[in-house]
Amino acid sequence: MSLIWSWIPIRISMLQPEVIYSSNEHGVCLTAFYMAVGAYEPTILVIKAMNDEVFGAYCSTSWNARNSCDGESKRHTYFGTGETFLFTIVPDIKKYHWVGSECGSDVPHSAKLFMAADNRMINVGAGNGQGLLLDDNLLYGRTEHCDTFDNEPLCSSKDFQCKIVEVIAFK
């Protein structure tokens, strides 16, 4: 946690972290996930795969934003900000920040796809691949290179099975 702590924005690091969702405690379904984490902003999504690799995402916007609409009452597909990032802890320590943080806001639309969520999945990072995708039961996922973070897959196998999924919020 101290490593992730060094990566988050300073204004957030002054708050107290707390595990607000654990698949071992709250169950493995998106409904339970959204009920526990929906209103918190920001959150850290941490996954431990069956092979004990650990990786995840710092999510800059609340998961309730999945329900927000534009001026024409059309639901936003993607939400979030450039503070969002992906990371791996085990086996290697790596942080993948938004590609626009280095080259400014002049990035293609495919590199501005931070977070997406609905009743079937949650996703962090997209554009020519899914940075981190979890299914509706929070049991299976996929990780690929994506334009948003120009990342490598977060674990040794692009398709993985979750041992545990946790979310940390700041109070």
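The legends below describe close-up views of a predicted model, in which local features need pLDDT of at least 70, side-chain atom pairs count only at pLDDT 80 or more, and totals for chains, interfaces and linings use all residues. Residues are numbered from 1 along each chain as its sequence is written, and side-chain values use heavy atoms, with hydrogens and water left out.

View 1. S62 sits in the loop between β3 (54-59) and β4 (85-90), strands being DSSP runs (E, at least two residues) numbered from the N terminus. With a relative accessible area of 11%, S62 is buried (under 20%; exposed is over 50% and partly exposed in between, 1.4 Å probe, protein chains only). Leaving aside residues up to four places away in sequence, S62 touches G38, A39, Y40, E41 and F79, where contact means heavy atoms within 4.5 Å.

**View 2. The salt bridge between D52 and K163.** The closest N and O atoms of D52 and K163 are 2.5 Å apart in a salt bridge (a side-chain nitrogen of Lys or Arg within 4 Å of a carboxyl oxygen of Asp or Glu). This pair links distant parts of the chain, 111 residues apart, with D52 in the loop between β2 (43-49) and β3, and K163 in strand β10. D52 is partly exposed at 36% relative accessible area, and K163 is partly exposed at 37%.

**View 3. The salt bridge between D159 and R142.** The side chains of D159 and R142 meet in a salt bridge at 2.7 Å, N to O. Because D159 lies in strand β10 and R142 in strand β9 (residues 140-142), the pair ties together parts that are 17 residues apart in sequence.

Conventions: Helices (H or I, at least four residues) and strands (E, at least two) are DSSP runs, numbered from the N terminus.
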